[in-house]
Amino acid sequence: MLDVLRKYWRRQRLDVALTMLGLGIVLLVVVMAVAAPLLAPYNPVVSVDDSLLPPSPKHPMGTDSLGRDVYSRVLYGARIVLIVVLASTSVSLLVGSTLGLISGYFGGAVDRVLSVVMDSIYAFPGLILAIAVAAMLGPGVLNTVISISVVYIPTYFRMVRGHVLSVKGRLFVEAAKALGASDWTVMTRYVLPNVLVTIPVVFSMNVADAVLTEAALSFLGLGVPAPTPDWGFDLKNGQRNLLSGYWWPALWPGFFITLLALGFSLVGEGLNELVGGEA
Amino acid sequence: MASLRAYILARVLLTIPMVLILLTIVFFIMRVLPGNPVLAMVGMKASEEQIKMLERELGLDKPLWQQYLDYLWGLLHGDLGRSMIWGRRPVLQEIWDHFPATVELAVAGFTVSVLLGLVTGAVAAVKRGTLVDAALRVWGILAYALFIPLLGMFFQLVFGVWLHWFPVAGRKNPLIDVPRVTGFYIIDSILAGNPWGVADALWHLALPSLTLGIVLSGIYTRLVRTSMLQVLGEDFVRALRARGIPEDRILFGHVLKNAFIPVLTMMGLQFALLLAGAVLTETTFSWPGLGTFLVERIEYRDYTTVQGTIVFYALLVSTVSLVVDVVYAYIDPRIRY
Amino acid sequence: MSGGRLLGIEGLKTYYFVGDEVVRAVDGVSMDVGRGEIVALVGESGSGKSTLAFSIIRLLPHGGRIVDGHIYFDGVDLASLPEKEMRRYRGRRISAVFQDPLTSLDPLMRIGDQFVETLQTHFPLSREEAEARAKKLLEMVGIHAERFYDYPHQLSGGMRQRVMIALAISTEPDLVIADEPTTALDVVIQAQIMEIFKRLRDELGISFILVTHDIALAMEVADRIAVMYAGKIAEYAPTEEIYASPLHPYTQALLRAIPDVEDTSKRLVYIPGSPPDLSRPPPGCRFHPRCGFAMERCGGEEPPYLEARPGHYVACWLHGGE
């Protein structure tokens, strides 16, 4: 037994390390978000000092063009990102999975129509779709959540529908139904376990993508509105100053966007290798 | 070749419902979602009459289903609507003005991403199991996680501000004047026999295309690696070796071609990502393409133009997807026979 | 045997190194193959027959290596030849046909072009000359010359295997190694393929090493049969002798296990137990745990590989050895 574990460990060492690294990053950001009030030395929304001060012990990440402490803004920014991103991917998960389940299980015209609709959305550039929806809905946290969740619904739809279809075709389902099992039983007992295994991987990758989409929306002025600290928004605001050489108001928030996306990606990729087998 | 024609026909027929659905979705988003565009445009101070007039002009007073039919009918005639702001220019015209810039950026970025992805993926496959392989795999993940504006700004800072090697924004030097023929500065400069124009255009294209290319390459690294590993393990590779065919001929004459096919399918799917990435790249580098145009018009509340632009994107994606599938069928004979 | 010795294998050992494990796929094998003869390597999966065959042309999968022994081919020891030299033999003097014709050809290249490529690699031929030769080769295996312009997926499995054979003999080799060439095909095609082998042996003097798990097939086509078990040769003799007087208990069991098409009342015979793990082979004779005739000696010492009768080799304590 130990022998098997040891062999498994050695082969998967890189993947385990990467997953751990990813989890560590995510945890770091979660801590930043949750403990922001405790960790932030200043109020992120008000001017606390001269503008564009370089990083120093007083301001570890410097101050921005309005004299706000960048470090505090980055900490509070983590909150918004995590809330929006986790909320939207959860909505996508719920809506997409439910639709996928219904579509796959009941088939027929409903399935055909839903599939074509979902395929069309899936084929369309996600960010541009989010931009369109956000443009029409206007700024705001809830609207941003909606905009982003629309983009990822097809992902879950396809995944769950695929699972349902593959299970539906199997003989033991025919057998179970012949024995009188209800549709509900079939779906929960057979489809759900399969789906549950794939979800963590898809979800992680999804969240990573959603982080980038949320940042993109804010960067373009379509996301969370002004005084709320948001990484994407700060990145945009900092560009002017960056081009004059003041890099810290922009690059720090920007760095964390990538860091968080990287964290979730690593978790997703790592889990994928561990669960699905090696390359 | 007859079956290729049949395949094309079938594929085109398949595209029509998808395009229709996309157009409907766009209509739905633009008309049915909450928010009154007219009010947003004229502000709260407008009188009832002004609002009514604008509504009539935009066709918003008609019943929804009629608006929908008018919309489709217009599209069939190539009418994407008219801008709601100054001059009421046809949207299509404005899109055409900005489209070449996006194409230039997209082509350049795509080229960079594929080359980078091919090289890194192939090296990772050939050096499978080593540290190089592991590092390249991590690189693939990291590249995609790079937020485009972040990478772009980083390049602007280092290569533009600190080193002065490249310009940080824009598409060309306003002092260099080249008669506009195609809208592609590089081509126009060549046509006008102006080498400075070509150099200038390329010089401005460098950082944006590098940014876009690097971020998109991540996917290709992983894909190329997997694809090559799979092909290298296939029976026919072993059979080729058994016939004494030299290793480099196997690699370049057989493996790469076979490995490229799944990559090609991916490329078709990646077109959407390319467009999305282009939007962010354009806004970061003030590149006057379709992306910047779209964002700008959103800011101006020019909803008809926004709608027209989104429709254009939908049509573009569908067309490219169709073309890619046809090319794919041409290359892989198994599909069409 | 019609023309003298072509291939002489002496004490060959080929092992696979996977992680910490060492799998002794071929653990001390000696045999020879003459010119213009068909030799069959028969055994269960895991017996080492494919590994033995591929050791000859040095096309072992990842982790496999020849650790000891010699493979004399026309006077040269292939086992210790540097790779660069080996390439002059591979494809030209010794070629191979693989098991699955569906995946053995590049799907993106027309059949004819794959011939031209092989021919032009080994011979200085112009495109037209290579094409002409390729078409003749196709005819030789019973395929219409127009098929030259087809893609692999347009051919049936049987036809594809014939193409593989044509490719294998296109360079006029002395020896062709065929690894389970008909396992993926139906019986009728199987018979056709075997006819082709026999014809090529008779008309062109090509020798074949046929690797198969089907002893009945081997007996239909081979001149001599080598029965392999757990990395060693159990018995090696002309086909008539294997049929009429098999000496090794394993060979006897294999023959008994051949289903009788005519007498369907007879129960299917099988050999109880399963082949040993080649990273930890049993002591003594490797077959002894499953052998009905096992004696005490069999569990302790490995029997030597001897010529029990003229031209008839066997490794069994029942048949000599002190």
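This is a predicted model: local features need pLDDT of at least 70, side-chain atom pairs count only at pLDDT 80 or more; totals for chains, interfaces and linings use all residues.
The crossing in which H3(A) passes H6(A) is right-handed. Classified by residue type, the contact of H3(A) with H6(A) comprises 20 nonpolar, eleven polar and three charged residues.

Contacts between chains A and B were examined next. In chain B, 43 residues are in contact with 43 residues of chain A. The side of chain B that touches chain A receives at least two residues from each of helix H1 (2–32), helix H6 (131–145), helix H7 (148–162), helix H9 (195–232), helix H11 (247–285), helix H12 (290–299) and helix H13 (303–331) of chain B. The residues on this side of chain B are divided into 37 nonpolar, five polar and one charged.

Chain C contains an open sheet of four strands, arranged in the order S2-S1-S4-S5 with antiparallel pairing. Strand S2 (21–34) and strand S5 (76–77) of chain C form the edges, each pairing on one side only. Strand S1 (residues 5–18) of chain C and S2(C) run antiparallel and are joined by ten bridges. Within this pairing, C:Leu12 has C:Val29 in S2(C) as its bridge partner. Helix H1 (residues 49–56) of chain C lies across S1, S2 and strand S4 (64–73) of chain C, and its direction makes an angle of about 65 degrees with S2(C).

Definitions and conventions:
Residues are numbered from 1 along each chain as its sequence is written. Chains are lettered from A and ligands numbered from 1 in the order in which they are written. Two residues are in contact if their C-beta atoms, placed from the backbone, lie within 7 Å. Ala, Val, Leu, Ile, Met, Phe, Trp, Tyr, Cys and Pro count as nonpolar, Asp, Glu, Lys and Arg as charged, and the others, Gly among them, as polar. Two strands pair if DSSP finds at least two bridges between them. Axes are lines fitted to C-alpha atoms, for helices over the stretch in contact, and angles run from 0 to 180 degrees between N-to-C directions. A crossing is left-handed if the near helix is turned anticlockwise from the far one by less than a right angle, and right-handed if clockwise.
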